Amino acid sequence: MPAIPRKDILARLNAMVAQGLPIIGGGAGTGLSAKAEEAGGIDLIIIYNSGRYRMAGRGSAAGLLAYGNANEIVKEMAVEVLPVVRDTPVLAGVNGTDPFVLMPQFLAELKHMGFSGVQNFPTIGLFDGAMRQSFEETGMGFGLEVDMIAAAHELDLLTTPYVFNPGEADAMARAGADIIVAHMGVTTGGSIGATSAKSLDDCVAEIDAIAASARKVRHDIIILCHGGPISMPDDAAYVLSRCNGCHGFYGASSAERLPAETAIRDQIRNFKSLPNLKGTQS
C-alpha cells in the first residue's frame with residue numbers, strides 16, 4: 001500500500017474531532033495484529049521495535065535497550081505489516097537519537113516504502129534521573145527527536161510524537177507535530193506489563209497540562225492519550241470523559257498484547273475443558 005497523503009489523513013481525523021468521535025490508534029507487532037486492528041476499524045496503525053519484543057513475550061521496555069537496531073527492525077517489520085493493510089495509515093516508530101542514521105534520507109526511504117507518518121520511538125522521554133541527564137549531556141537528548149519530527153513534517157509525513165510533559169508538547173508542536181500523544185508511562189496489566197503507575201485521575205491532570213501547552217502553539221492540534229493505567233476501553237472512556245479536549249487513545253500493549261493474552265489463554269482453557277473422550281473414562 002502506498003503512503004496516504006498527510007492532508008487526506010488529517011481531513012478524516014479532523015472530521016472525526018468535529019463529530020466528537022474518538023480517534024483510536026494502535027501498535028502492531030505482527031502482520032496478523034495489523035490485519036485484525038484494521039478489521040476492527042482502527043484509525044492509525046503504528047509499528048516499532050517494541051511491538052516485536054512485546055509479541056515475543058517480552059516487556060515493551062525492551063525496545064529501549066540495546067537488543068537490536070530499532071530503525072532497522074521497523075524496516076524489517078514493514079514487509080510483514082504494510083502488504084496486509086489496505087486502507088489505514090501505517091506509521092513508523094523512528095529512533096530519532098540514533099547517531100548512525102542520515103535522518104532526512106531515512107525518513108524519505110520510509111515514505112517511499114509506504115509509511116504515511118512517523119512517531120518518536122524508542123524515546124529518551126521514558127528515561128529520567130541520572131540516565132536522562134547523561135543522554136542529554138552527551139548529545140543524545142530529546143531535542144533530536146524534536147528535530148526528527150521537524151524533518152518528517154518537511155517531507156509532508158504525518159507526525160504523531162510522544163511527549164511526557166508540557167515543555168516537550170510545546171517543542172513538538174513548534175516542530176510541526178500533527179498529533180500530540182500524551183504518554184503516561186509503560187502500560188500496566190497482563191503477564192508482562194508494568195505494575196507501577198499513576199492513577200487515572202493523575203493522568204487526566206497531566207494530559208490536560210500537555211494539551212494546554214500544545215494548544216498555545218496551535219489551537220487545532222490533535223491530542224491523544226497513551227499508556228500507564230490507561231490499558232482497557234473503560235480506562236480510556238474514564239480519561240476521555242474527564243479531559244479537556246483529548247481526542248482519542250493510542251494503544252500498543254492495549255491493542256495487541258493484552259487482547260492476545262486473554263483470547264489465547266481463554267481459548268486453550270475452553271479446549272482443556274472438553275469432555276472426556278469415549279472409551280477413556282476410568
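Is Glu261 buried or partly exposed? With a relative accessibility of 24%, Glu261 counts as partly exposed; the scale here calls a residue buried under 20% relative accessible area, exposed over 50%, and partly exposed in between, using a 1.4 Å probe and protein chains only. Before going further, note that this is a predicted model, where local features need pLDDT of at least 70, side-chain atom pairs count only at pLDDT 80 or more, and totals for chains, interfaces and linings use all residues. Residues are numbered from 1 along each chain as its sequence is written, and side-chain values use heavy atoms, with hydrogens and water left out.

Back to Glu261: its side chain forms a salt bridge with Arg257 at 3.0 Å, N to O. A salt bridge here is a side-chain nitrogen of Lys or Arg within 4 Å of a carboxyl oxygen of Asp or Glu. The two residues sit 4 apart in helix α11, so about one helical turn separates them. (Helices are DSSP runs of H or I with at least four residues, strands are E runs of at least two, and both are numbered from the N terminus.) Arg257 is buried, at 4% relative accessible area. Elsewhere, shared partners link Arg6, Asp156 and Asp178 into one salt-bridge network. The whole structure has 15 salt bridges, including Glu206 with Lys198 at 3.1 Å, N to O. Glu206 is partly exposed at 31%, and Lys198 is partly exposed at 28%.

Now for the greasy part. The largest nonpolar core has 78 residues, and Val94, Leu107, Phe115, Val118, Ile180, Ile207 and Ile230 touch the most other members. Helix α9 (residues 200-217) supplies the largest share of this core, 7 residues. By definition, such a core is a set of buried Ala, Val, Leu, Ile, Met, Phe, Trp, Tyr and Cys residues joined through side-chain atoms within 4.5 Å. Setting aside residues up to four places away in sequence, Leu107 touches Val94, Val118, Met148, Ala151, Ala152, Leu155 and Leu157, where contact means heavy atoms within 4.5 Å.

Ala78, in helix α4 (residues 70-81), is buried at 2% relative accessibility. Beyond its neighbours within four places in sequence, Ala78 contacts Ile47, Pro83, Met113 and Phe115.

Last stop: the loop between β3 (90-94) and α5 (103-113), which holds Thr97. Thr97 is buried at 10% relative accessibility. Leaving out residues up to four places away in sequence, Thr97 touches Ile124, Met140, Gly141, Leu144 and Glu145.
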